[in-house]
Amino acid sequence: LARLDLCGKRALVPSSRKKPELLAPAGGIDQLEYAIHFGADAVYLACDRFGLRQRAANFSLDEIPRAVELAHACEAKVYVTLNAAMTGDDVAVLPAYLEALSAAGIDAVIVSDLGAVRLALRHAPDVAIHISTQASCMNAEAAAMWHELGAKRIVCAREMSVADIAALRAAAPKDLELEAFVHGAMCMAVSGRCLISDHLNGRSANRGHCTQPCRWTYSLVEETRPDERFPVEEDEGGSFILSSKDLNMLHHLDDLANAGVDSIKIEGRVKKAYYVATVVNAYRQVLDGAEPSDFDRDLEAVSHRPYSTGFFYGPAEQAPHGPEYAQTHALAGTVLSCEQRDDGLYDVRIDLRNRFFEGDVLEVLSPGQPVRALSAARIRRIAVSEAEGNPCEWEEAVPVADRATTVYAIASPFPLQPKDLLRVERPDLSARSS
């Protein structure tokens, strides 16, 4: 990808305080590209081993150099998660992983195991060490100990309040950076260290294979009456007695910055590019001075559970009622190209993801700009055929764009940029069960 196509443009707003780094999830190459395009300062990702999101696409070791090249071309950093619980077999092969990651030029590893820290110092001495939230670092003495062992950054335990973080910042070593999650799924276990999935399914969350049993529906059973089930806070969707609300700190970034947070982190390495782009765009623009309320609607447009502020201002909240997930919009497509027509309109080609009809309102997400709307007009399907080795392209006017991954063209009253996103409102998504 060309540098300008990927990087986008940022309108930075001067500030009297240091602006936190915006750290985005990259579960695969598409998510990485869109995170950077919409303004992430850094991305975190995993290889095919040692990460805690094995359901994500992730990256092979051979793909890491290209990922680093793409990010560094836009002055974004790459952090690799190696925070799974480490066995003896893991640490036996970890040195080769660390040496390959170091050679690829990554900026940091995110670890929670002391053995992994020791090996990282030895086999990747030029790579920064970030201590995972899995380590549950919640006090200055623990932070100082990690710093003495070589850590550059602590990812704060998810259970800390804003006041807790401010107190930690005041007492911790001055050159030790603090990172905090600001958006996405919360875990019902302490800093994500959960045994339920392993107990019920034999798939360990601490090894990256969580099946999210805390999101399942449950009922009570009294052991002397095994055939009778007693619902707990049940509605027509079920009982989600362990399910937590999603985190959303968009309106409180100043509080975190003033508490001394150096990096704000978006959760979601199993999320698709549409989610990553939308959420990164909202946090980027608010960090750069936009009003948070201008982007509340955007955060409702992607799949999410009910929002809360986690532990930052008090106890975290559960989401005991279904439906568990909701979103208001679907990704219609991604912009491939845009050319001005003789009539003053713009011919926009898109890679279709979800159908839309002639006359539907399409909303455009562009880096550094407010959401713009256009009416889907002059929909054409682009077809290509090979005739005796010569490619031939033609357009077919259609009333609906409905073939996913097919290229369509529409007319727009304003120009769009490659990698802009088009979304369409979908009322049927606004209340659905997972």
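The following dialogue discusses how to read several features of a predicted model.

Colleague: Which residue forms a salt bridge with arginine 341, and how far apart are the closest N and O atoms?

Modeller: The partner of arginine 341 is aspartate 343, and their closest N and O atoms are 3.3 Å apart. Arginine 341 is partly exposed, because its relative accessible area is 25% and the range for that class runs between 20% and 50%. Aspartate 343 is also counted as partly exposed, at 44% relative accessibility.

Colleague: Which arginine forms a salt bridge with aspartate 343 at 3.0 Å?

Modeller: That residue is arginine 378, whose closest N and O atoms with aspartate 343 are 3.0 Å apart. Arginine 378 belongs to strand 18 (residues 377-387), whereas aspartate 343 sits in the loop between strand 13 (329-340) and strand 14 (346-352), so this pair ties together parts that are 35 residues apart in sequence. Arginine 378 has a relative accessible area of 39% and is therefore partly exposed.

Colleague: Where in the chain do arginine 349 and glutamate 393 lie?

Modeller: Their side chains meet in a salt bridge of 2.6 Å, N to O. Arginine 349 is in strand 14 and glutamate 393 in strand 19 (residues 390-397), so far as position is concerned 44 residues apart, and the pair links distant parts of the chain. Glutamate 393, with a relative accessible area of 43%, is partly exposed. Salt bridges that share partners join Arg341, Asp343, Asp347, Arg349, Arg378, Arg380, Glu393 and Glu395 into one network.

Colleague: Let us turn to the surface. Which residues gather in a patch of negative charge?

Modeller: Glu291, Asp294, Asp296 and Glu300 gather in such a patch on the surface. Among them, glutamate 300 lies in helix 11, residues 296-300. Its relative accessibility of 34% places glutamate 300 in the partly exposed class.

Colleague: Which residues form a nonpolar patch on the surface?

Modeller: Leu114, Met145 and Leu149 form this patch, and together they have about 270 Å² of accessible area. One of them, leucine 149, is located in the loop between helix 6 (140-148) and strand 6 (153-155). Leucine 149 counts as partly exposed, at 32% relative accessibility.

Colleague: Finally, a question on separation. How many residues apart along the chain are histidine 147 and alanine 172, and what distance separates their C-alpha atoms?

Modeller: Histidine 147 and alanine 172 are 25 residues apart along the chain, and their C-alpha atoms are separated by 8.9 Å. Histidine 147 lies in helix 6. With a relative accessible area of 25%, histidine 147 is partly exposed.

Definitions and conventions
Residues are numbered from 1 along each chain as its sequence is written. This is a predicted model: local features need pLDDT of at least 70, side-chain atom pairs count only at pLDDT 80 or more; totals for chains, interfaces and linings use all residues. Side-chain values use heavy atoms; hydrogens and water are left out. Patches are made of residues with over 30% relative accessible area and no salt bridge: like charges are joined within 9 Å, nonpolar side chains (Val, Leu, Ile, Met, Phe, Trp, Tyr) within 5 Å. Accessible areas come from the Shrake-Rupley method with a 1.4 Å probe; for residues, only the protein chains shown count as cover. A salt bridge is a side-chain nitrogen of Lys or Arg within 4 Å of a carboxyl oxygen of Asp or Glu. Lys and Arg count as positive and Asp and Glu as negative; His and the chain ends are not counted. The place of a charge is taken as NZ of Lys, CZ of Arg, CG of Asp or CD of Glu. Helices (H or I, at least four residues) and strands (E, at least two) are DSSP runs, numbered from the N terminus. Buried means under 20% relative accessible area, exposed over 50%, partly exposed in between (1.4 Å probe, protein chains only).
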